[in-house]
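Subject: Structure handover

Hello,

Please find the structure below. My notes on what was found in it follow.

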Amino acid sequence: MQRILVIPDGLAETPGGAGTTLSSFTPMALNAIARRGAVRRVATTPPGLQPGSETGLPLLLGWTPGGPVSRGRIDAAAHGLTEPAGAVVHRVDVRHDDGRPWPELAETGLSLLHGLDEALHVQRLSGHRLLIWGHRDPTLPRRLDLDDLGAANGVEGTHDPDDLPRFQLWPDGEVPGPILDEDTVVVCAPRSTMAGVARLMGAAVVHPTGATGRPGTDVAAKARAATSLLRDGIHTVVVHVGSPDEASHARDPQAKRLEAQKIDRDLLAPLAALVLDLGATLAVCPDHGTDPRTGAHVADPVPAVVWGPGVRASGPNVVTEEAVAHEPVVHGPWET
Ligand SMILES: [Zn+2]
């Protein structure tokens, strides 16, 4: 039976306080799916691991990490790069002291990393993200060196005693296994984490024009791409939308809500109609939570729904963190 999985990246949050994005508006399509399907929680972050897309996305596609996953290898795959055999692969981010990305300092960071003896290859991926291939774990340059060189290069905001820039290292680690084939097609933004995970796992990847992974991304284009893939008979179609996570990292709850509304209206509504027509199964499941007030990832099990032939309606009638708080926790998007 055909199936489609929609992954709104980082959409979940921790219940309580000011309320969550999912509880801040009435998602007509998601609620209609919830009334007919099984609503429960999905554990997307295995115990002991940090919540994040490098962990949650492979898990949703069927590969459960046993330890920290290599961000660098996922990004290399996303950018179509192949590291030399035996290389250690790291991603390095350039950030403000409080964790916000600092893309204006990325070129400065790049030139400092070029000076490391152990580096075989250093390149900028996008924004604040850099990639290093080395013989061993790199010893990163000091924050002060980054600050000084940034100021010398005229980067605004350096030499602020309250905001010393820093490198964040994502060490090498596990690599998602090649357990899929081209019967799984992933619709996502080019060069995204999702694209890297999909390639490493052996799935086919489709990038609709207008899909950026950021707020303002064209989710209707993703719905059209998914529709034609399902109509062509593809067994499993995965649609990833990165914008809720990006809006959360930008600490912009309004932008996150707008993206969630757009996903409901422009993606879930047409897909729900299509799924009825084809007799397919639809699941909606974030890969992890991200708090739009702090920008931090959340490891709690995420609210999710699965609906289709043979799935008994169960759980609450809405997909919110509060509504599912006492529902059972399952370990994959298709489990009921
Ligand atoms: Zn994130």
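Let me start with one residue. Val 284 is in contact with Val 6, Leu 30, Ile 33, Leu 268, Ala 304, Val 305 and Val 319, leaving aside its neighbours within four places in sequence. Contact here means that the C-beta atoms of two residues, placed from the backbone, lie within 7 Å.

Two notes on conventions. This is a predicted model: local features need pLDDT of at least 70, side-chain atom pairs count only at pLDDT 80 or more, and totals for chains, interfaces and linings use all residues. Residues are numbered from 1 along each chain as its sequence is written.

Strand 10 and its sheet

Val 284 belongs to strand 10 (residues 281-284). Helices (H or I, at least four residues) and strands (E, at least two) are DSSP runs, numbered from the N terminus. Thr 281 and Ala 283 point one way from strand 10, while Leu 282 and Val 284 point the other way. All four are buried. A residue counts as buried if 20 or more other C-beta atoms lie within 10 Å of its own, as exposed if 12 or fewer do, and as partly exposed in between, with C-beta atoms placed from the backbone.

Strand 10 has partners in strand 1 and strand 13. Strand pairing requires at least two bridges found by DSSP. Strand 1 (residues 3-8) runs parallel to strand 10, with 4 bridges. There, Ile 4 has Leu 282 as its bridge partner. Strand 13 (residues 302-307) runs antiparallel to strand 10, with 3 bridges. Ala 283 stands opposite Val 306 in that pair.

Strand 14 pairs with strand 2 (residues 38-42) in the parallel sense over 2 bridges. Val 42 stands opposite Val 330 in strand 14.

Helix 6

Axes are lines fitted to C-alpha atoms, for helices over the stretch in contact, and angles run from 0 to 180 degrees between N-to-C directions. Helix 6 is mostly covered, with 8 of its 9 residues buried. Its buried residues pack against helix 2 (53-60) and helix 3 as well as strand 7, strand 8 and strand 9. Gly 202 follows helix 6 and has a positive phi, near 95 degrees.

The core

Which residues have the most contacts inside the largest nonpolar core? They are Ile 4, Val 187, Ala 226, Leu 271, Val 284 and Val 305, in a core of 82 residues. A nonpolar core is a set of buried Ala, Val, Leu, Ile, Met, Phe, Trp, Tyr and Cys residues joined through C-beta atoms within 7 Å. Helix 9 (residues 253-278) gives the most to this core, with 7 residues. The core draws at least three residues from each of domain 1 and domain 2.

Helix 9 also meets helix 1 (residues 28-36): their axes come within 8 Å and cross at roughly 35 degrees. Helix 1 brings Met 28, Ala 29, Leu 30, Ala 32 and Ile 33 to the contact, and helix 9 brings Asp 264, Leu 268, Ala 269 and Ala 272.

Domains

Domain 1 covers 3-69 + 176-330, and domain 2 covers 77-170. The bounds come from an automatic or database domain assignment. The domain centres, taken over C-alpha atoms, are 30 Å apart. In the contact, 8 residues of domain 1 meet 5 residues of domain 2.

Arg 73 lies in helix 3 (residues 71-78). Arg 73 is buried, with 26 other C-beta atoms within 10 Å. Arg 73 touches Val 89 and Val 175, not counting residues up to four places away in sequence. Gly 173 is 100 residues from Arg 73 in sequence, yet 8.5 Å away in space, C-alpha to C-alpha.

Best wishes
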